[in-house]
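Here are my notes for your first look at this one. Keep the viewer open and follow along point by point.

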Amino acid sequence: GNSPHVKILPQEHPTLTLLFLDWGNKNIFSSQNMYTISTLGIIPVITWEPWDAKLHNSYQADYTPKRIANGVYDDYIRQFARAIAIYSKPVFLRFAH
């Protein structure tokens, strides 16, 4: 059948890259990885997912909006925000898509 093909021309390069980080392992914002990406002229788009990806189910009681709003994850959120602030380059953050 007909399958779609993507061709990147030599004079073109991607400007965004999409990354998925779940909260299950308290994944941190890796400045080292982001600097590598930025040297290529690429801005990271981080999908920051309040759930544990290893559990493979969509509803997880540990990560409800109420628990997040009540401060259960404040330390983790602050740590993540500080790491982005130190990076001090553009980042798109997609929260809880």
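1. Start with Y73: at 6% relative accessibility, this residue counts as buried, because buried means under 20% relative accessible area, with exposed over 50% and partly exposed in between (1.4 Å probe, protein chains only). Y63, at 12% relative accessibility, counts as buried too.

2. Before going on, a word on what you're looking at. This is a predicted model, where local features need pLDDT of at least 70, side-chain atom pairs count only at pLDDT 80 or more, and totals for chains, interfaces and linings use all residues. Residues are numbered from 1 along each chain as its sequence is written, and side-chain values use heavy atoms, leaving out hydrogens and water.

3. Now the rings. The whole structure holds 12 aromatic pairs (rings of Phe, Tyr and Trp, the last by its six-membered ring, with centres within 6.5 Å; planes under 30 degrees apart are stacked, over 60 edge-to-face, the rest tilted). Y63 and Y73 make a stacked pair, 5.3 Å centre to centre with 20° between the planes. Which loops do Y63 and Y73 sit in? Y63 is in the loop between β2 and α2 (65-69), and Y73 is in the loop between α2 and α3, 10 residues apart. (Helices, H or I with at least four residues, and strands, E with at least two, are DSSP runs numbered from the N terminus.)

4. Y63 and Y73 also belong to a cluster linked by ring pairs, whose members include W23, F29, W48 and F80.

5. Leaving aside neighbours within four places in sequence, F80 is in contact (heavy atoms within 4.5 Å) with L21, N27, I28, F29, I46, W48 and L93.

6. Last, the sheet: three strands, open, in the order β1-β2-β3, with parallel pairing (strands pair if DSSP finds at least two bridges between them). The edge strands are β1 (16-22) and β3 (92-95). Four bridges join β2 to β3, and V45 has F92 as its bridge partner in β3. α3 packs on this sheet, touching β1, β2 and β3, and its direction makes about 180° with that of β2 (axes are lines fitted to C-alpha atoms, for helices over the stretch in contact; angles run from 0 to 180 degrees between N-to-C directions).
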